[in-house]
Amino acid sequence: MRVKLSGDIIVDSCFSFGGMAPFTICCPALSTYFAGKPWSREIIDGALEVMDKALHLPHNVPGGQAEYRQSLTQSFLFKFFLQVSASSHRLSSAVQPGEESCLSHLTNNFVHEGVRGVQHSCFPSGTASQEAKGQAGQSTKHMAGDLHVTGKAVYTDDMPLLPDELHCELLVSTKARAKIVSIDASAAELVPGFVDFTSAKDIPGVNWVGSILPDEEVFATSQVYCVGQPLGVVVATSPAAAKEAMFAVKVAYEELPAVISIEDAIHERSYFDFGPALPHQTALTVGRVTSERHRHMDKAEALDALMKELSEDDNVAIAEGEIYLGGQEHFYLEPHATRVEPGENDEYIVTSSTQNPSKTQKLVSMVLGVPRHKIVSKCKRMGGGFGGKETRSCFFSAYAAVASHKLKRPLRLVLDRDVDMATSGQRHAFLARYKVAADKTTKKLLAASVELFNNGGWSTDLSVPVCERALFHCENVYFIPNTSFVGHVCKTNIPSNTAFRGFGGPQGMFVCEVYMDHIARELGTTREALAHENLYRIGQITPYGQELDEDHVFVMWQKILQTSDYENRRKAIEQFNLANRYVKRGLSIVGTKFGMSFTKTFMNQAGALVHVYQDGTVLVTHGGTEMGQGLHTKVAQVAASAFDIPLSAIYISETSTDKVANTHPTAASVGSDINGFAVLEACRKILEGLGPYLSRCRTPQPTTDEERISTLAKAATLAHFDRVNLSANGFYATPDISWDWVKYTGKPFYYFGHGVACTEVEVDALTGDHKVIRADVLHDVGNSLNPVIDIGQIEGAFVQGLGLFTIEQVVFNNNGHLFTKGPGTYKIPTALDIPRDFRVSLLPNAPSKSSTIHSSKGVGEPPLFLGSSAYFAIKNACYAAQRDALASLASHSCKISGGGLSQGTTRTLTNGCESDEDTIDTTDCASTNGHTSLNGAQSELQTGDPPSKASPLSPPYFRMDGGATSERIRLSCWDDMNVRVRKGDFDAARHWAPLA
């Protein structure tokens, strides 16, 4: 934007905008309007009207977000007006108090302050010798950390090429649902370097496999059910040739109707059943009703009856609504990669980036028709997994194995980022409908009902257990005596969604915090205040009947109120918001209670193999996989403590099914728990035989690492000559857990991981941009195995949760194609999105009450939900922006030109209720399902429509779907500009938004 002034008169101007067309465009109509006019606030209303017409976008504009983009052009013009006015002493009077701060916000300031992090483990120091040894409980760096940062760590695609090794490329469907008419690879055969096209007809074993149920074809035969479903693999002598040949394959389709979104699935009643535990049942219920009058009824029916009674009680507040949380891309640094090496006698070595070597072994065995004892599945390390390589990685190894079997040559499959994102699934999107009741006097929660719908995709994969865990977490950290949580898994025509850090838990807890925000508004209080009144205490019962033996969240809540200086900061933020019109701050506290165990009981087991060598060194192999989370380091520390040797004398090479068989995926945050115990058991067995020799060789007080290694070496040598076994396998099964969905009995979780976070944000109300100013995190890890690694996991999980609940947005087009399939369209948090002031502490003196490895607790998943504290802080900032808008409208009639209103229409407000006509009474206003409506007509916008019932000092609850993207934030912060845009001819029902 450019303007030339002669005195106060505009003599020349130019305005160009990107993002409003395929190329940058000028707006000559705006320049014409400004020509010859004095530079003053009076010209802005007219300029906005000109922009309404000159920069209009239809609802179906490519790229979507029509309202937001049009609103941004007007916001940028207004900011330009303020910037020009503020830069001139003569014109500065045009800038009203509280407006200039928007010019110094992140949107206008491209020089950012650095991030300051403070980590505090709160653990007493061990002895100097313990710290030097790096044994269990001590902070020591990741064993492969130096390799990671120097680029020397070897990942799957870094492995040297084998003689005659080939490369393959996936051929995938381009239709969401269609019949396959033909597949013609003749053109591909002409590509230099082409070797083969492998399809379903080349599979020697079975073509139907699956993560739990066999409901996926390895290669599609007659019909495809999503964009990205594999049809075959093209094999060539180089990756480039394989890609070129793949694009040369011609596939003809006959398209069929597809179901893409959760809403589509609900309309079509397209659901998976909850087999194998509950076949033919498409709804799953968690809950309990304590009312004696209703206990004989079905849980959902009982809760409905109770809610009806409560709704007739004048002392009970009821809130009812709907909320949507979108999916999330794993975006691990290393995409899916696998290498299959055939050997003699039908032997195969599969090296892949997987969290699940045994499942990989199983699927390869099935598709090749080769017994599992001839297939070795290995994983040295992954460049991130986050759940995305728990099951989906196994399928890519199966695809490559079929081609390798056919050609009898080693073969490598490494996905490009866009192919990885478009084929391997994401975190499940969830839609929830809720109803909650609370006592107006005591502020105690009385009852809650939730109906969840998750988007499973075209096959079940892990969608059923994800839904189960979401249901188990719908009450989060709050005691609610009467509950009914019902879940459905939607069957749609998108790639099958899969595990992701938290595994449904964050989605369930998010729904809980949303209905807490909603009922708090009905009670005239804040979500934080209501939360404090309803936190779990020891002895209370969860909706699934598990009695709590810890109330760490209650203790941590009190502690973080003090350490974060919450009350003083809250008051300071109130003053800041009163003084600033277009920049708002928000503060929130969120807690988490995450169930620790696989909900499938049989999966809570692990094995290990330990060898002691005669030089005093130890080789450890266990069933867990290393994906950067430090599992190998922690397990090695357990072994180092057992043998009383330094960590440098322990080595873990890789995870392999020929060393430890029948393993389960490294997931559910229990990798250290179960594998640590398995290794400890193996060490114990060795020490039983080695003990007498250690007693003979041990010096009274070994003081150096060399002395400790020497002692073990001497003992091992003596034992070896006496023919004592220096190898042992260990096994561990988590005790005292079980769950039966049919009988609805058991204890699904061995223990809980707890955490609390307090987060402060700053929002630019004119653009929707935000920054996280400060985050205080307090987390419970029991007696940490390695505080520095645990703190790193907490920081990483928090930021990944920050992405889920704010900037990350998975978008599918109506035809089932993933729109956000690369870093150009999908944004994950970067260094500048990390809280400017990031304080992480571990809860001190809180050993696990359950029998866990060295009294520690798992840490991978529980902290992720704490990132939602940024979402709720943003929402509090939006409430502050809405309060200003309501106060302005309430104090005087507001004249808004254009934007779909007749010229000069005056909009007036009584008690915050807006009308096109004369002043109206607030009794005509109603709130329906979380959407504010006027005269009973429900609004379909889901980003905070200007309300019809409000107090200027206390805006009503508004629905803001997750994550809190810039678009949703901007459209939730009301002012003349976005009200103008939203009163235009946009069809809210067709408003572009994520479909899945």
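Contact, throughout these legends, means heavy atoms within 4.5 Å. This is a predicted model, where local features need pLDDT of at least 70, side-chain atom pairs count only at pLDDT 80 or more, and totals for chains, interfaces and linings use all residues. Residues are numbered from 1 along each chain as its sequence is written, and side-chain values use heavy atoms, with hydrogens and water left out.

**View 1. The whole chain, before zooming in.** The protein chain has 23 helices and 40 strands; these are DSSP runs numbered from the N terminus, with helices (H or I) of at least four residues and strands (E) of at least two. Of its 996 residues, 60% count as buried, where buried means under 20% relative accessible area, exposed over 50%, and partly exposed in between (1.4 Å probe, protein chains only). Take the contacts between residues at least 6 apart in sequence: 78% of them join residues at least 24 apart.

**View 2. Arg 469 and its surroundings.** Arg 469 sits in helix H12 and is buried, with a relative accessible area of 3%. Skip residues up to four places away in sequence, and Arg 469 touches Gly 502, Phe 503, Gly 504, Gly 505, Phe 594, Gly 595, Ser 597, Thr 599 and Phe 749. UniProt, in an unreviewed entry, lists Glu 390, Arg 469, Phe 503 and Thr 599 under "binding site". UniProt positions follow the numbering used here, feature names are shortened, and annotations may be inferred rather than shown by experiment.

**View 3. Phe 472, also in H12.** Phe 472 belongs to helix H12, which covers residues 463-472, and counts as buried at 0% relative accessibility. Phe 749 is 277 residues away from Phe 472 in sequence, yet their C-alpha atoms are 9.9 Å apart in space. Beyond residues up to four places away in sequence, Phe 472 touches Val 286, Tyr 544, Thr 599, Trp 739, Trp 741, Pro 748 and Phe 749. In the loop between strand S22 (445-457) and H12 you'll find Asp 461. Asp 461 has a positive phi, near 45 degrees, in a residue other than glycine, and it counts as buried at 2% relative accessibility.

View 4. The "active site" annotation in the unreviewed UniProt entry covers Glu 861. Look for Glu 861 in the loop between strand S34 (837-842) and helix H21 (868-891); it is buried, with a relative accessible area of 11%. Leaving aside neighbours within four places in sequence, Glu 861 is in contact with Phe 500, Arg 501, Gly 502, Phe 503, Phe 594, Ala 668 and Ser 669. Ala 668, one of those partners, lies in the loop between strand S28 (655-656) and helix H18 (671-697). Ala 668 has a positive phi of about 65 degrees although it is not a glycine, and at 10% relative accessibility it counts as buried.

**View 5. Helix H13 against helix H14.** H13 (residues 505-523) and H14 (residues 527-534) pack at an angle of about 105 degrees, with their axes 8 Å apart. Here axes are lines fitted to C-alpha atoms, for helices over the stretch in contact, and angles run from 0 to 180 degrees between N-to-C directions. H13 and H14 are therefore roughly perpendicular (angles under 35 degrees count as roughly parallel, over 145 as roughly antiparallel, 65 to 115 as roughly perpendicular and the rest as oblique). H13 brings Glu 513, Met 516, Asp 517, Ile 519, Ala 520 and Leu 523 to the contact, and H14 brings Arg 527, Leu 530 and Ala 531.

**View 6. Helix H17, end to end.** At 1.5 Å a residue, the 13 residues of H17 (residues 631-643) should span 18 Å, and the end C-alpha atoms are 19 Å apart, which agrees; the expected span is 1.5 Å times one less than the number of residues. H17 is mostly covered, with eleven of its 13 residues buried, among them Leu 631, His 632, Lys 634 and Phe 643.

**View 7. Two cis peptide bonds.** Gly 275 and Pro 276 are joined by a cis peptide bond, with omega about 0 degrees. Pro 276 is in the loop between strand S14 (271-272) and strand S15 (284-288). The peptide bond from Gly 962 to Gly 963 is also cis, with omega near 0 degrees, and Gly 963 is in the loop between strand S40 (937-938) and helix H22 (966-972).
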